[in-house]
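The sequence and coordinates come first.

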Amino acid sequence: MFSTLASTQMIVVVTVLAALVLRLVLHRWREPLFLCAAVTAQALIFLFTTMAIDRNRPAVAHMDASPPTSSFPSGHTSAATALYVGLAVLLALRARSTPTKVGWWTLLVLVPIGVALTRMYRGMHHPSDVVASFLNGGACVAIMARAVLDRTLTWGRARLPLSRSGDEATPAGASAGG
């Protein structure tokens, strides 16, 4: 079950649906952009890492068909971390009470943990594969939260306050003479 929650198809569907709901409910772009950027960033890092590091899967019986990528890192775990921890961030930010925040975090953080344990149990990954995936997904969430959700950062060109100098309006701090 946990492996299915982190399949490529499920990650794409849940990300798109969550982004649409966030946009429609909040009437803003920051939250859907954050979630899509975190999931996309982890996927790109996963892809480039598997191209650079060709690690064999554990030498045990596999309960799944092996995907064409290497064992390191776990794409399922990385995607689950980015998506479900990203959702936990967004829902905890919107929650009004501490018990609700704790509930969202607990529920949604258990998904990538369950995915990691399932992937190892099924013989698809070494423990270090899933640890690296937690780091990948978590780092992508943290970086995108800082870049996209932080309201102290402004997007676009900064607007300078105008001051009057003679008949011409000039940006404050700029000399009127050129």
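## Helix packing and overall layout

The crossing of helix 3 and helix 4 is right-handed, a label for the near helix being turned clockwise from the far one by less than a right angle. The two helices pack at an angle of about 165°, with axes 9 Å apart; helix 3 is therefore roughly antiparallel to helix 4, a term for angles over 145 degrees. Axes are lines fitted to C-alpha atoms over the stretch in contact, and angles run from 0 to 180 degrees between N-to-C directions.

Contact means heavy atoms within 4.5 Å. The residues involved are as follows.

| Helix | Residues in the contact |
|---|---|
| Helix 3 (residues 30–52) | Glu 31, Phe 34, Leu 35, Ala 38, Val 39, Gln 42, Phe 46 |
| Helix 4 (residues 75–94) | Gly 75, Ser 78, Ala 79, Ala 82, Leu 83, Gly 86, Leu 87, Val 89, Leu 90 |

The model is predicted: local features need pLDDT of at least 70, side-chain atom pairs count only at pLDDT 80 or more, and totals for chains, interfaces and linings use all residues. Residues are numbered from 1 along each chain as its sequence is written, and side-chain values use heavy atoms, leaving out hydrogens and water.

Helix 5 (residues 98–121) has 24 residues and spans 34 Å from its first C-alpha to its last, close to the 34 Å expected at 1.5 Å a residue. Its buried residues (under 20% relative accessible area, 1.4 Å probe, protein chains only) include Leu 108, Val 111 and Arg 119. Just after helix 5, Gly 123 has a positive phi of about 80°.

Along the sequence the protein reads α-α-α-α-α-α-β-β. Of its 178 residues, 40% count as buried.

Terms used:
Helix = DSSP H or I, 4+ residues; strand = E, 2+ residues; numbered from the N terminus. Expected span 1.5 Å × (residues − 1). Buried < 20%, exposed > 50% of the residue type's maximum accessible area, 1.4 Å probe, protein only. Parallel < 35°, antiparallel > 145°, perpendicular 65-115°, else oblique.
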